Amino acid sequence: MDDVALGKRLKWFNDKFPLGKTIIRSSFDFHIKGLEKEVFGIKFRNPVGLAAGFDKNGEYVEPLSNLGFGFIEVGTVTPMPQPGNDKPRMFRLPNDEALINRMGFNNKGVDVMAERLRMLKDKHPDIVVGGNIGKNKATPNQDAVSDYIKCFDRLFDVVDYFVVNVSSPNTPGLRELQEKEPLKNILNTLQQRNRKNDISRPILLKIAPDLTDAQLDDIIEIVAETKIAGIIATNTTISRENLATEKTLTGEMGGLSGKPVKERSTEVIKYLSVKSNKAFPIIGVGGIHSAKDAQEKSFRKFIYDFI
Ligand SMILES: Cc1cc2nc3c(=O)[nH]c(=O)nc-3n(C[C@H](O)[C@H](O)[C@H](O)COP(=O)(O)O)c2cc1C
């Protein structure tokens, strides 16, 4: 079953069986005081969230929240709807407990997401929602900032924090926006916009696990300079090292996620945390399959995230 089919079933069950919904919520919900956390001004009921890519359009936030997640990140959403890449675009690597995907930001556009989240927030203002924003495939990199601004403005009232995604390997040229100058331009423009509002929203940057140490040093500098709220580390990798699966399958284009990205993601988190002297919160994501995996990503001052 893919994420859309699973999401649809969850939503169907949630809508049709209010009692079932209550049973699910009470089975999975855990309110342990010690797990509550306040990070960048937001209160999280627990530190385990759902990463971007499962609920691309913000359609399943309530049923997903009933499964016990402390926060749900929706998207990546783009200003205009787009179909994403042709299928097949997702490949399972069971021997490696991994996936390769090249979905390509398939989504219904930011207007649809904003409407759905408006309805959700009217009903459940307490569910913490992160809006992961990107650019349309057809938008050239030099105009990318306007796509991020459109998504930011449209979602401002209906999300709790923003994630700037410049790290997906499946939109041609997107990762070039991780370079210092274009990245500073996007983040500074968003922050200027943010400061114009009476309240501001935390903005986080989601980075690839394939950055070099020098690029990670740049990221630390950029966080300090643009004063964004933190980092999400990491997205999928383009590396194919140490896989048990045969080459015919691992040769598929796209981002690799799951177990094989676990160590590298933890390494990136540790590097950023130590090198910056824990200057900002990091949401850790990548290959988390157990509580132990999540704990490995915890050094201090940041929360876990898994998909
Ligand atoms: C099918 C699929 C779609 C994804 N789509 C997005 C996306 O739209 N935006 C994004 O920032 N990350 C996306 N991701 C990356 C995940 O959010 C996560 O960073 C990555 O998969 C590593 O975590 P994991 O090993 O726990 O899956 C996607 C991942 C998968 C498997």
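Helix H5 has twelve residues, which at 1.5 Å a residue should span 16 Å, and its end C-alpha atoms are 17 Å apart, in agreement with that value. The model is predicted.

- The buried residues of H5 are Ala 144, Val 145, Asp 147, Tyr 148, Ile 149, Cys 151, Phe 152 and Leu 155.
- Cover for these buried residues comes from elements that include strand E4 (71-77), helix H4 (110-123), E7, strand E8 (161-165), helix H6 (180-196) and strand E9 (203-207).
- The largest nonpolar core has 56 residues, and those touching the most other members are Leu 117, Tyr 148, Leu 155, Leu 205 and Ile 207.
- A separate second core of 14 residues has Val 39, Ile 42, Val 128 and Val 285 among its members.
- Beyond four places in sequence, the contacts of Tyr 148 are Ile 133, Gly 134, Lys 135, Val 164, Asn 165, Val 166, Leu 174, Leu 177, Ile 186 and Leu 190.
- In soluble globular proteins, nonpolar side chains tend to be buried together.

**Buried strand residues**

- Val 129 belongs to strand E7 (residues 129-133) and is buried, at 0% relative accessible area.
- Residues up to four places away aside, Val 129 touches Val 61, Ile 72, Val 74, Leu 117, Leu 120, Lys 121, Val 159, Asp 160 and Tyr 161.
- Val 129 and Gly 49 are 80 residues apart along the chain, and their C-alpha atoms are separated by 9.6 Å.
- Asn 101 is part of strand E6 (residues 98-101); because buried means under 20% relative accessible area, Asn 101 counts as buried at 19%.
- With neighbours within four places in sequence left out, Asn 101 is in contact with Arg 89, Met 90, Asn 170, Thr 236, Gly 254 and Gly 255.

**Salt bridges**

- Lys 108 and Glu 59 form a salt bridge in which the closest N and O atoms are 2.6 Å apart.
- Lys 108 is in the loop between E6 and H4, and Glu 59 is in the loop between strand E3 (48-50) and helix H3 (61-66), so this pair ties together parts 49 residues apart in sequence.
- Lys 108 is partly exposed at 39% relative accessibility, whereas Glu 59 is buried at 16%.
- Asp 111 and Arg 154 are joined by a salt bridge with an N to O distance of 2.7 Å.
- That pair links helix H4, which holds Asp 111, to helix H5, which holds Arg 154, across 43 residues.
- Asp 111 is partly exposed, with a relative accessible area of 46%, and Arg 154 is partly exposed at 36%.
- Glu 221 and Lys 180 meet in a salt bridge of 3.3 Å, N to O.
- Glu 221 is in helix H7 (residues 213-226) and Lys 180 in helix H6, so the bridge ties together parts that are 41 residues apart in sequence.
- Glu 221 counts as partly exposed at 36% relative accessibility, and Lys 180 counts as partly exposed at 26%.

**Nonpolar surface patch**

- Trp 12, Phe 13 and Phe 17 make up a nonpolar patch on the surface, and together they have about 310 Å² of accessible area.
- Phe 13 sits in helix H1 (residues 3-16) and is partly exposed, with a relative accessible area of 30%.

Note on methods
Residues numbered from 1 in each chain as written. Predicted model: local features only at pLDDT ≥ 70, side-chain atom pairs only at ≥ 80, totals over all residues. Heavy atoms only, no water. Patch = residues over 30% accessible without salt bridge, like charges linked within 9 Å, V, L, I, M, F, W, Y side chains within 5 Å. Areas by Shrake-Rupley, 256 points an atom, 1.4 Å probe, with all protein chains shown as cover. Salt bridge = Lys/Arg side-chain N within 4 Å of Asp/Glu carboxyl O. Helix = DSSP H or I, 4+ residues; strand = E, 2+ residues; numbered from the N terminus. Buried < 20%, exposed > 50% of the residue type's maximum accessible area, 1.4 Å probe, protein only. Core = buried A, V, L, I, M, F, W, Y, C linked by side-chain atoms within 4.5 Å. Contact = heavy atoms within 4.5 Å. Expected span 1.5 Å × (residues − 1).
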